[in-house]
Amino acid sequence: MMNDVQLAESFVKDFQRIKIAVADRIVGQDEIIDLLLISLFCEGHCLLVGVPGLAKTRLVHTVAALTDLEFRRIQFTPDLMPSDIIGAEVMDAQRNFVFNRGPIFSNIVLADEINRTPPKTQSALLEAMQEETVSVAGESYPLPKPFFVLATQNPIEQEGTYPLPEAQLDRFLFMLVLDYPSYEEEVAVVRMSERSNAETLPASILNAHTLLEYQQLVKRVPVPDHVVETAVKWVHQTRPNSALATEVTNSYISWGAGPRASQNLILAAKCRALLQGRFSPNVEDVRAVAVPVLQHRIILNYKAESQGLNAAEVVRRIVSSY
């Protein structure tokens, strides 16, 4: 059995192997891939925001294959019902009611275009994402471990969509915004598409047991007091009219992040530190994950919108003050 130092070294090697394998199927998006994998090793869920055609689904398929985890995709539509996600009771041949499990009972669940379904169906994910259980007819059913929800949204087309409520957004460790590829990257994408259509998924690198070990390792990483205090300070600075609110906060934010943001900042910083070959995070680790952790947890006011500022830019201004 490996000790924590050996496990950390194995973790870094496997992470790099996964990144190399992903690069064979995904062009560019290095930072997005890093953060997506960090959220997986932190037991966190991830919200991907990007226009169609940026390989979001392909990326999730690839990660699922490399980690040897059961993968299900749910296409969210206006007529999707909660039972289509979590399952429902059906009558068997002996006329007894049995629970027929839905696609949520998987290790990796891709909730495609999650904002296209009504709040009633969106809320079916809440208990699953937070408690990792599903309740049907008074019975609770545990979800398999590890469990990871990756949701996608199209930031352009908003007609006929249902924006996620703040309570559900807060369940996501990261919100990752994908941008268009560069000219060189897009040329490489076109070249890649010329390959045979018989392309197969890559062989797995991690199994569920090893992934769970890495997730527990991340939790055990010690954190210095000043790093915790800095993370909490930055979260407090997102709250307007609080004792630590800055001029940027009071000018551009109408609602700030909650305590779960502080917890997630530290958790993600722990994982990043391990990947950098360090056994304890520093302030730079927290700063590096601040935007994906905080940008979906703050609500900007009309002044920020009128000046063309987005949540990511406001967060960067706050965390640059240290």
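# Chatting through a predicted fold

Reader: Okay, which residue stands opposite Leu48 in E9?
Author: That's Leu176. Just so you know, what we're looking at is a predicted model.

Reader: Got it. How do strand E1 and E9 pair, parallel or antiparallel?
Author: E1, which covers residues 45-49, pairs with E9 in the parallel sense, over five bridges.

Reader: And is E9 mostly covered or open?
Author: E9 is mostly covered. The strand runs over residues 172-177, and five of its six residues are buried.

Reader: What other strand do bridges join E1 to?
Author: Four bridges join E1 to E8, and those two run parallel. One spot to look at is Val49, whose bridge partner in E8 is Gln153.

Reader: Which strand does E5 pair with?
Author: E8 again turns up: E5 and E8 pair in the parallel sense over four bridges. For example, Ala111 has Ala151 as its bridge partner in E8.

Reader: How many residues of E8 are buried, then?
Author: Six of its six, so to speak.

Reader: Which way do the side chains of E8 point?
Author: Phe148, Leu150 and Thr152 point one way, while Val149, Ala151 and Gln153 point the other way. All of them are buried.

Reader: Let's zoom out. How many helices and strands does the protein chain have?
Author: There are 15 helices and 11 strands in the protein chain. Its radius of gyration is 20 Å, close to the 20 Å that the globule rule gives for 322 residues, so the chain is as compact as a globular protein of that length.

Reader: What does the C-alpha trace span along its principal axes?
Author: About 65 × 45 × 45 Å.

Reader: What share of the residues counts as buried?
Author: 48% of the 322 residues. The accessible surface of the chain comes to about 15,700 Å², and 52% of that belongs to carbon and sulfur atoms.

Reader: What share of the contacts with a separation of 6 or more comes from residues 24 or more positions apart?
Author: Those pairs account for 75% of them.

Reader: How many positive and negative side chains are there?
Author: The chain has 29 positive and 38 negative ones, and the centres of the two sets lie 2 Å apart.

Reader: New topic: helix H13. Where does it run?
Author: H13 covers residues 283-294, and Val283 lies in it. Val283 counts as buried because its relative accessibility is 8%, which is under the 20% cut-off. Its C-alpha atom is 9.8 Å from that of Ile266, 17 residues apart along the chain.

Reader: What about Asp285, buried or exposed?
Author: Asp285 is also in helix H13. At 0% relative accessibility, Asp285 counts as buried.

Reader: Which residues does Asp285 touch?
Author: Leaving out residues up to four places away in sequence, Asp285 touches Ala269, Arg272, Ala273, Gln276, Arg278 and Ser280.

Reader: Let's talk backbone. Which peptide bond is cis, with omega near -5°?
Author: The one from Lys145 to Pro146. Pro146 sits in the loop between strand E7 (139-142) and strand E8 (148-153). In general, most peptide bonds are trans, and most residues other than glycine have a negative phi.

Reader: What phi does Glu43 have?
Author: Glu43 has a positive phi of about 60°, although it is not a glycine. You'll find Glu43 in the loop between helix H2 (30-41) and E1. Glu43 is partly exposed, with a relative accessible area of 23%.

Reader: And Glu113, where is that found?
Author: Glu113 is in the loop between strand E5 (108-112) and helix H5 (119-122). Its phi is positive as well, about 55°, and Glu113 is partly exposed, with a relative accessible area of 24%.

Terms used. Residues numbered from 1 in each chain as written. Predicted model: local features only at pLDDT ≥ 70, side-chain atom pairs only at ≥ 80, totals over all residues. Heavy atoms only, no water. Rg over C-alpha atoms; globule rule 2.2 N^0.38 Å. Buried < 20%, exposed > 50% of the residue type's maximum accessible area, 1.4 Å probe, protein only. Contact = heavy atoms within 4.5 Å. Areas by Shrake-Rupley, 256 points an atom, 1.4 Å probe, with all protein chains shown as cover. Lys, Arg positive; Asp, Glu negative; His and termini not counted. Charge placed at Lys NZ, Arg CZ, Asp CG, Glu CD. Pairing = 2+ DSSP bridges.
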